[in-house]
Structure formats: structure tokens, C-alpha cells
Amino acid sequence: MKIESILKQAESGDGISREEALTLLKEIKPKSKEMYLLMHTADHLSRRQFNNKGEIHAQIGLNWAPCSKSCEFCVFAEKHGIASKTIELTEDEVVRRAKNFENAGANAIFLMTTADYEFSRFLEIGKSVRKAINPNMPLVANIGDFGPGEAHELVEAGFTAVYHVLRLGEGVNTRIDPSMRIRTIKSAKDAGLDLSFCVEPIGPEHSIEEIVDRIFLGKDLEPTVMATMRRITIPGTPISAHGQISEIELAKIEAVTRLVMGKNIMAMGVHEPNMPSLLAGCNQIYAETGPNPRDTEEETSKGRGRSVEECKQMLWEVGYETFVGPAKSLQGPLRNRTR
Ligand code: SF4
């Protein structure tokens, strides 16, 4: 009865408390009637709030290289020795792929690099992409940590948002001080960039309390896009001993995260795209090209990465229409200019 009453009040979109989120995650078991009630509540909230429209955010990985931050869960971690050589997409190639994504119907373009990638080069490529795509298209930086000065340079180059996260196990499974991650997010937001935040990378070893802490940290940081992501096992790495959570377990976390965020977001994502989460409050998924931290394939479109067309098909399969044109969810400075 307690679960049903939490779900009933969550229908308003006013959010649920930390205690309520803990109760849902602890007491609801996949395959139970309550699980489907939870998924339905989150699904209904998203379809109503987002007008039954789904978004496709398209990410281009700019480089394949060993990264000094050595995050346990990442293909690029120098300690794993998987990415032992360096490959970088040329500026022309990045622009070409961004245009291809736009022409295929992507609603936002993300540019991603390893943490050691040269910032000035990233800015130059970003400017060229900005010139080539719809001026209202969200352009999102998914890069290493930076401060207030770099945040303003990103805005001047035409970026509208960042994807940045305090990952689960940050500072333990990564060589990055957690305070740096928060500083970067605050610098980006102070400069007017929107935030795409994610509870990630979730593995079986993470406690419900840790996951709920990250959900509420995300809420406090006021992202316009919230998401969840499970860790993908990279074979042969020490952390792979923990294994992976299933898509249905991820869908449970997705649904609870959706209920926590309520009306305070403009899209609810999941990574990687999966059907259970698309029936549990998710309305935003990713297409990917280039190198990808979850893929041992150097060109992820030949591996784990999905195309825009495949993402459209997934949205269609669950009854979402694909939003047409630039997403409103990551417009940052553009949104402020048009107000
Ligand atoms: S997740 Fe990012 S910071 Fe960590 S090793 Fe991979 S590229 Fe580097």
C-alpha cells in the first residue's frame, strides 16, 4: 500500500523524497506487479510532460587515446593498455559526421574527448561544427574538467551545454578528485551552459543508498536533461569481475530517477538505449559514432553505437514520436537569448 501511495502522489510531477526513492528501490522487485506500476507511473509522467515526443542526442567521439585519468570502467584508461595508440578524427571529418547526424534527424550534437585532449583544438573543432549546423541546434561538450575561463570560451565557441557527471566511485575508481567534477559543473552552469547529468556507471556493486545519493545530487545541480547509465563490462579489466546489471534493473532505477526529477527536467535519458527503460520514463536516447569509452571497437558505429535511424526505430517501437528539429532541452545561452 505504501508503494502505491508513493506512486499515486508521484503522478503530479512534483517529485518524491529521498526516503520514498529508497523505499521504491528497496522494496520493488523486477517482475512484480509493483514494478510495472512504477514503470507505468514514470512512463505516463514523461509522455504527458514531453507530449509523447522522444529525443535523439548524437555523440561524436573525437579521439581514441590512452587517458591519464585511468577510470576503471573506461576503454581509454591508460592502466588497461587497451587504447595504446592515438587516433584523432580530423576537423573535416567531425564536421561531416555532425552534418550527417543533423540530416538524419538528431536533435542535439555532442562532441566527446578523453580528458587529455587539447582544449584549444576542441574549441576550434567546436566552432567549425557550430558554423556547419543549424544555429539553434544544441552543441554539447563532453570533455575533461575545466574552470570558469574555459566555460566562457565554450560559450563563445558556440557550445550550449555540457555533459558532465560526478560518477559513482569518483576518486576511487578514477584519478579525479570529486571536487573537480563539481567545480566543472558549476563553472559551466555559471557561464550559462545547460547541464546533461547522468547517474553512472551503475554496476551490481553499487548500493541503493549510493545510487539515491547520486540521483539527488543530480537534482540539486538542476540539469535540463537527467539520465541513468549502466556500466558496460570491458573484458579483462579488474572491475569486470563485478559483472553488469540487467536492462530491467536499470529500468527500475530509470523510473525512480524520473519520479524524483518530476517536472524539473526537459528530457529524461538512458544510456545505452534499451527498451525496458523506454517504457519506464525515458524519452531520450543516444546515437554514437567515433571512439566510445564503453566499446573496444575503435569505430563504435561498427560496435555498440547506434545510428539515428536505429534510435528512431526504437522510439517508434515503444510508441514515441521523434521530436523534429533542435531539442529545447540543451539550448543554454540560445534559450536565454530568445527569451
Ligand atoms: S572516462 Fe573520461 S576521464 Fe576517465 S579514463 Fe575515460 S576518457 Fe579518461
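**A helix and its surroundings**

Guide: Of the 15 residues in helix α9, 12 are buried, so the rest of the structure largely encloses this helix. "Buried" stands for a relative accessible area under 20%, "exposed" for over 50%, and "partly exposed" for anything in between, using a 1.4 Å probe and protein chains only. Before we go on, please keep in mind that this is a predicted model: local features need a pLDDT of at least 70, side-chain atom pairs count only at pLDDT 80 or more, and totals for chains, interfaces and linings use all residues. Residues are numbered from 1 along each chain as its sequence is written, and side-chain values use heavy atoms, with hydrogens and water left out. The helices (H or I, at least four residues) and strands (E, at least two) are DSSP runs, numbered from the N terminus.

Let's trace α9 itself. Its buried residues are Leu250, Ala251, Lys252, Ile253, Glu254, Ala255, Val256, Thr257, Arg258, Leu259, Val260 and Met261. How far apart are the end C-alpha atoms of α9? They are 21 Å apart, which agrees with the 21 Å that its 15 residues should span at 1.5 Å a residue. The expected span is 1.5 Å times one less than the number of residues. Just after α9 comes Gly262, with a positive phi of about 55°.

In α1 (residues 2-10), the buried residues are Ile3, Ile6, Leu7 and Ala10. Looking down the axis of α1, you would see these residues within an arc of 95°, so they line one face of the helix. The arc is taken from the directions that run from the helix axis to the C-beta atoms.

Between α2 and α3 there is a loop, and Lys31 is in it. Lys31 is not a glycine, yet its phi is positive, at about 85°. Most residues other than glycine have a negative phi, and most peptide bonds are trans. Lys31 counts as exposed, because its relative accessibility is 78%. Ser70 is another residue other than glycine with a positive phi, near 45°. Ser70 belongs to the loop between β2 (63-64) and β3 (87-88), and with 1% relative accessibility it counts as buried.

One joins Glu200 and Pro201, with omega about -15°, and Pro201 lies in strand β7 (residues 194-202). Another joins His271 and Glu272, with omega about -10°; Glu272 lies in the loop between β9 (267-271) and α10 (275-278).

Now compare our helix with another one, α5. This helix (residues 119-132) has 14 residues and reaches 20 Å from first C-alpha to last, close to the expected 20 Å. Its buried residues are Phe122, Leu123, Ile125, Gly126, Ser128, Val129 and Arg130. They pack against α4 (91-104), β4 (108-112), β5 (139-142) and α6 (148-157); a contact here means heavy atoms within 4.5 Å.

Strands count as paired if DSSP finds at least two bridges between them. β1 (residues 53-61) runs parallel to β4 with five bridges, and Gln59 stands opposite Phe110. β4 also pairs with β5 in the parallel sense, over four bridges, with Ile109 bridged to Leu139. β4, α5 and β5 form a right-handed β-α-β unit: with the strands pointing away from the viewer, the path from the first strand over the helix to the second runs clockwise.

Between β4 and α5 sits Thr114, in the loop. Thr114 is buried, at a relative accessible area of 6%. Leaving aside residues up to four places away in sequence, Thr114 touches Asn63, Ala65, Cys67 and Phe76.

Finally, how many disulfides are there? Counting pairs of cysteine sulfur atoms within 2.5 Å, the total is zero. Cys311, for instance, is in no disulfide, and the nearest cysteine sulfur, that of Cys282, is 10.0 Å away. Cys311 counts as buried, because its relative accessibility is 0%.
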